[in-house]
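Hi,

Here is the structure I promised to pass on. Please have a look at it first, and then read my notes below.

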Amino acid sequence: MKEQAVVHKVGNRSGIAGQRRSSAVAQRPKRRESGGEGIGSRLRSLFNYFPAVLKVVLAVGIGVVIFASYRAAASATFFQARSVEVQGTARVSKDEVQALVRQQVEKSGVWNSDLAAMTARIEGLPWVRTAVASRVLPDGIRVRISERVPRVVVRTGAGRFRWADEEAVLLGEMLPTDQIPTFFLRGLSEDDSETAHLENRERLQKFLELQKDWDAAGLSERVSEVNLFDLRDVRAQLAGDSSQIEVRLGSQDQGKRLKEALNVLDEQRQTPRGALISYIDMSPGKRAIVGLTSGAHSNKEEPSAASDEPGSEKKTTPGPLTSAGANRNARTLDARSKKETRDKRSGPDKKSDKTKDAARRRT
């Protein structure tokens, strides 16, 4: 038998080399890690064993720890308020504002401070119109204040004199160093309601209008205060020697009526009744009603309107009788009627007695 020789083809050497390389790679032993499996893989494998509920609880716990750490860091000594800067104050006390801010950030610190609540508390102070609080990290607070502007002096129900701004907000008390206005406002409501606030704004606007008109007419110096409790019945208390006299001006044309009332007063001052005047009522608008007072009794006189002719004088007519005067007149008439009745009855009796005496003499 002939031996067959196996002939190897040498056409593709790259294939042989590739097989050798792959066998070499396949036979290379794995490289051992120095610490065994990684920590991350161990945690992942451990975490897979927990039920879903435990996973949620663990996540919440981690969140609480992070939040507590944040709060602790925010309120740490590093963020405690060490400086409080206050700007824009003239009448507002800086010490009062600083004390309020420090009280607000004492526990929370600057980083975690509630600026909105801080601003609201500062705006509650009497003279503060608006306030803006801001952080100056790491340990400062800055407050910018816009103050209210005093416009009028109000006499309260307790007799205190306090400033008020154009929104009828009562401010601090009038100081001896403040410039005294020509006359005061009286009649603001002290109720803390929206209706009362709206009415007070209306009263203050009316006061400013009267002040402007009376200043222009030169009448302000003769007025002490204006009562605007009822805008339909405006009343002015006079100043100086006439401080006991009240002028009732009604609901309109207060400047014109005040001028006419002062003219009536000046004329009545020339008469004995001038010292007894207690009020002048100009509210009807046509005739001035002058009220007189003497001790505890009060009488009324109603001067008619002045004539347009020069040199004419006002005539007065007595007002209605009081109840006491009517009673006195009734008692007087009753006494007179009783006396006349007695006289009528006694006349015939006396005549009959004389006739009887003459008859006795003849007998």
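Gln211 is found in helix H6 (residues 194–217). Leaving aside residues up to four places away in sequence, Gln211 touches Thr182, Phe183 and Ser220; a contact means heavy atoms within 4.5 Å.

Before you go further, please note that this is a predicted model, in which local features need pLDDT of at least 70 and side-chain atom pairs count only at pLDDT 80 or more, while totals for chains, interfaces and linings use all residues. Residues are numbered from 1 along each chain as its sequence is written, and side-chain values use heavy atoms, with hydrogens and water left out.

As for the chain, its secondary structure comes to 8 helices and 14 strands (DSSP runs numbered from the N terminus: helices are H or I with at least four residues, strands E with at least two). Of its 363 residues, 25% count as buried.

Helix H4 (residues 94–104) is worth a look too: its buried residues are Val97, Leu100 and Val101. They lie on the same side of H4 because they cover an arc of only 95° around the axis, taken from the directions from the helix axis to the C-beta atoms. Strand E1 (83–87), helix H5 (115–123) and strand E3 (140–147) are among what covers these buried residues. The face of H4 turned away from its buried side carries the exposed residues Asp95 and Gln103.

Best wishes

Conventions:
Buried < 20%, exposed > 50% of the residue type's maximum accessible area, 1.4 Å probe, protein only.
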